[in-house]
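Subject: Handing over a structure, with notes on what was found

Dear colleague,

I am passing on a structure for you to look through, and below it I have set out what was found in it. Please keep the sequence and the model open beside this email while you read.

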Amino acid sequence: MVKTAFQGKKPVESKNLLETLDSMIDKLTRKVDKGKRAKGTLSRRNTTKSKVQDFLSSEYKRKDVPLDQIVYAFAEDFADFLMLEQGLENNTAIKYLKNVKQTLKAATERNWLLKKPLAGYKWSYFNPDRDIQDEFEIMQLYNKKLPIARLAEVRDAYVFMCFTGYAYKDASLLQLGHVTKHFDGEDWIIKYRENTWCRENVPLLPIAKEI
């Protein structure tokens, strides 16, 4: 406090970690209500808060912790807790850690914290092994006669996503109003992505159009 006063800086307003998370969640909730952010983003932030509560209760035996008591080791301890105590995979744990880091950054920008304690922390993201289908396999699936209508619908949804690049969430929100004639006179899907809110123009290729 003496150093801050000597340097002529504005005194830092005292805040706790969960209090700050609540503040960010409240603001995000209002944006979701106005259609400015995705509900999935809000859900992940609420889950992050729940994970932090569990961590503080287990490791600190406290309900909350002041922002200025968070040190660099908090990041590694939190990640270890998520993976070792709650059984999460590395990449999932990192997503929650990133949300906490973003919250601390926001707290610094609002002068609730003098510096970002996790600014230099680096994490390792592991690229999972995934089986990638080739064109022959996709066409085999497309041409397969399925006797059960429900399975056929699931197959069609999957093939549609293959030929548009849409994730399930984006594909599930499509409506006929998103299809329009574009500059080339062909049908295109023009909509905003659910997570990024970026406008994306996707040509409706013959197989996707048929589906």
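A residue is called buried when its relative accessible area is under 20%, exposed when that area is over 50%, and partly exposed in between. Lysine 145 has a relative accessibility of 74%, and it therefore counts as exposed. Please bear in mind from the start that this is a predicted model. Lysine 145 is found in the loop between helix 6 and helix 7 (149-164), and its C-alpha lies 51 Å from that of leucine 21, a residue 124 places away in sequence.

Leucine 42 can be judged by the cut-offs already given. This residue belongs to helix 3, and because its relative accessibility is 15%, leucine 42 counts as buried. Which residues does leucine 42 contact, once its neighbours within four places in sequence are left aside? They are Ile25, Leu28, Thr29 and Val32. Aspartate 26 is 16 residues from leucine 42 in sequence, and the two C-alpha atoms are 9.4 Å apart in space.

Next come the helices. Two packed helices are described by the angle between their axes and the distance between the axes. The axes of helix 2 (residues 17-33) and helix 5 (residues 90-109) come within 10 Å of each other and cross at roughly 90 degrees, and these two helices are therefore roughly perpendicular to each other. On the side of helix 2, the residues that take part are Leu17, Thr20, Leu21 and Met24, and they meet Thr103, Leu104, Ala106 and Ala107 of helix 5. Sorted by class, this contact between helix 2 and helix 5 holds six nonpolar residues, two polar ones and no charged ones.

Helix 5 also packs with helix 3 (residues 39-60), at an angle of about 90 degrees and with the axes 10 Å apart. Helix 3 and helix 5 are therefore roughly perpendicular to each other. Here Arg44, Arg45, Thr47, Thr48, Lys51 and Val52 of helix 3 meet Tyr96, Asn99, Val100 and Gln102 of helix 5, and by class the contact of helix 3 with helix 5 has three nonpolar, four polar and three charged residues.

The strands can be taken together. Strands of a sheet pair through backbone hydrogen bonds, either parallel or antiparallel. In this model three strands make up an open sheet in the order 1-2-3, with antiparallel pairing. Strand 1 (179-181) and strand 3 (199-203) are the edge strands, each of which pairs on one side only, and from one strand to the next the twist averages 35 degrees. How many bridges join strand 1 to strand 2? There are three bridges between these antiparallel strands, and lysine 181 stands opposite aspartate 187 in strand 2. The hairpin of strand 1 and strand 2 has five residues between the strands, and in it glycine 185 takes a positive phi near 80 degrees.

Strand 2 (residues 187-192) is joined to strand 3 by five bridges, and these two strands run antiparallel. Isoleucine 190 has asparagine 201 in strand 3 as its bridge partner, while tyrosine 192 has arginine 199 in strand 3 as its partner. Five of the six residues of strand 2 are buried, so this strand is largely enclosed by the rest of the structure.

A search of the whole structure finds eight aromatic pairs. Tyrosine 72 and tyrosine 121 form an edge-to-face pair, with 5.8 Å from centre to centre and 65 degrees between the planes. This pair links distant parts of the chain, since tyrosine 72 sits in the loop between helix 3 and helix 4 (73-85), whereas tyrosine 121 sits in the loop between helix 5 and helix 6 (135-143), 49 residues apart. Tyrosine 72 is partly exposed, with a relative accessible area of 45%, but tyrosine 121 is buried, with a relative accessible area of 14%. Elsewhere in the search for aromatic rings, Phe55, Tyr60, Phe74, Phe78 and Phe81 form one aromatic cluster.

With best wishes

Technical notes. Residues are numbered from 1 along each chain as its sequence is written. This is a predicted model: local features need pLDDT of at least 70, side-chain atom pairs count only at pLDDT 80 or more; totals for chains, interfaces and linings use all residues. Side-chain values use heavy atoms; hydrogens and water are left out. Axes are lines fitted to C-alpha atoms, for helices over the stretch in contact, and angles run from 0 to 180 degrees between N-to-C directions. Helices (H or I, at least four residues) and strands (E, at least two) are DSSP runs, numbered from the N terminus. Angles under 35 degrees count as roughly parallel, over 145 as roughly antiparallel, 65 to 115 as roughly perpendicular and the rest as oblique. Contact means heavy atoms within 4.5 Å. Ala, Val, Leu, Ile, Met, Phe, Trp, Tyr, Cys and Pro count as nonpolar, Asp, Glu, Lys and Arg as charged, and the others, Gly among them, as polar. Two strands pair if DSSP finds at least two bridges between them. Rings of Phe, Tyr and Trp (its six-membered ring) pair if their centres lie within 6.5 Å; planes under 30 degrees apart count as stacked, over 60 as edge-to-face and the rest as tilted. Buried means under 20% relative accessible area, exposed over 50%, partly exposed in between (1.4 Å probe, protein chains only).
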